[in-house]
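I wrote them down in the order in which I looked.

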Amino acid sequence: MKIDYHIPLQVIANSLQHYHHITVKVEETFGMDFFPSNEVVNEEGKTAYVLKFNPKVQDILTLYNLALERGYDTGTAIVHYTLFYAFLETDNYEEARRHLDAFRAEIANMPTSTQSTEEQVENNGQLFLQLYFALYHEAFHIIFRHNPEARKASLATTRELLKDIKTEWEDLNSMVADEEMMKHPKVQQSIMDLVPQALSQEEQNAWEAQIRQNMSKDIFPADYIDEVLNGDDTLLEEISCDRQAWLNLLPLFKEDGATPEDMLHLHLYMFAVFNAMDYNKNLMSELIPAKHKDYQYNGKRVVLRHKAFKALLRQYSQEVDKEITTEYNDLQKGLSSIFRSSIMAFYQYGEELHKMFLKSEQDAMPCPDFAENEALNDEMDAIVRILKGDG
């Protein structure tokens, strides 16, 4: 079963028109910026809203889902898939071909072909819901731009929810010392899982030290939430859009008869979108800073956004919150493999890509070969169809 992404796009556009009297244009985009975005433009003196959507987000989410939900090691495949589009975007077809072939080899070694029809349907259903969530999130950015009062009210609710998180975080920090936490066997194992063994010993030691520092309570003090409450409306809006997207889907899940266990898995599906988006942004900003100058990875912002989303279960669905055991920690196993692959990609391709994109900004690039571009895209689509079981 192949997903028709036009359906959620049309549903979101119709919803904005019907409930908020906002006309939005949908613009399909291409390249390596995979996740939806929005833009406000001026057309003949009137404000117009554009919802940008890259269909390739389905492929990148599929790869992340296989890692986070199915336990497959797709980290290297994600890197090659991303770099394929990075090189294709600058008409570097030779390098794009290299990463296409490497991606093909990674997919060939994955046991996805053994998945049953039922599992494939479940995978597509998960992806379909994730698309709705990502699009609803962007829709609320548009709503807030169109209606400042709605934005003000939503951010006020977010502030109160973050105050609750701060109180809980202070209580947790007072119970466990940094040194005690770092000595815990599971923490030790988590740290080692993040360090690529292919690096030199010196490089491994440097990454381990950095990871330990990032896991320290000092990196994310409870007082950081005060900084956000007092001066980071951008993050407050992101958290608000996350909440509104979840709350818009929640009644649909309940009407469909979802049990608390079902709701937990649905929440995990949405949480996986955050991880995919954050890792993708970080990978791009590290590998291609020339093209992503405006993005700077901030671990504290990422952690707080994740905490706020997980807190939605406790704040709005307590019966679901009681179902949680190790599910969110289990996602870390898949994230660790992706993180290791990202580090290796930085060492292998970072300087090369940085120079390439600097050159593309400074010099005239060669005339695109549209036939070659289309042929490479067709090959990639065929590989992804095999990955999804559509081939």
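**Entry 1: a hairpin.** I looked up S2 and S3 and found that they form a hairpin with 2 residues between them, strands being DSSP runs of type E with at least two residues, helices being H or I runs of at least four, and both being numbered from the N terminus. The two strands pair in the antiparallel sense over 7 bridges, where pairing requires that DSSP finds at least two bridges between two strands. I noted that Glu43 has Lys46 in S3 as its bridge partner. Glu44 sits in the loop between strand S2 (37-43) and strand S3 (46-53), and its phi is positive, at about 55°, although it is not a glycine. I kept in mind that most residues other than glycine have a negative phi. Glu44 is also exposed, with a relative accessible area of 83%; exposed means over 50%, buried under 20%, and partly exposed in between, using a 1.4 Å probe and protein chains only.

**Entry 2: what kind of model this is.** The model is predicted, so I wrote down that local features need pLDDT of at least 70 and side-chain atom pairs count only at pLDDT 80 or more, while totals for chains, interfaces and linings use all residues. Residues are numbered from 1 along each chain as its sequence is written, and side-chain values use heavy atoms, with hydrogens and water left out.

**Entry 3: another positive phi.** Where is His21 placed? I found His21 in the loop between helix H1 (6-20) and strand S1 (24-28). Its phi is near 55°, again a positive value in a residue other than glycine, and at 63% relative accessibility His21 counts as exposed.

**Entry 4: a buried lysine.** Is Lys166 buried or exposed? Lys166, which is found in helix H6 (residues 148-175), counts as buried at 17% relative accessibility. Leaving aside residues up to four places away in sequence, Lys166 touches Ala222, Asp223, Ile225 and Asp226, a contact meaning heavy atoms within 4.5 Å.

**Entry 5: two helix pairs.** Two packed helices are described by the angle between their axes and the distance between the axes. Axes are lines fitted to C-alpha atoms, for helices over the stretch in contact, and angles run from 0 to 180 degrees between N-to-C directions.

Helix H4 (residues 93-108) and helix H16 (residues 370-388) pack at about 10°, with their axes 10 Å apart. They are therefore roughly parallel, since angles under 35 degrees count as roughly parallel, over 145 as roughly antiparallel, 65 to 115 as roughly perpendicular and the rest as oblique. Among the residues that make the contact are Leu100 and Phe103 of H4 and Leu376 and Ile383 of H16. By class, this contact of H4 with H16 has 10 nonpolar, 1 polar and 4 charged residues; Ala, Val, Leu, Ile, Met, Phe, Trp, Tyr, Cys and Pro count as nonpolar, Asp, Glu, Lys and Arg as charged, and the others, Gly among them, as polar.

Helix H10 (residues 223-231) and helix H11 (residues 233-255) pack at about 95°, with axes 7 Å apart, and are therefore roughly perpendicular to each other. Here Tyr224, Val228, Leu229 and Gly231 in H10 meet Asp233, Leu235 and Leu236 in H11, and these residues divide into 5 nonpolar, 1 polar and 1 charged.

**Entry 6: the whole chain.** I finished by noting that the protein chain has 16 helices and 3 strands, and that 48% of its 391 residues count as buried.
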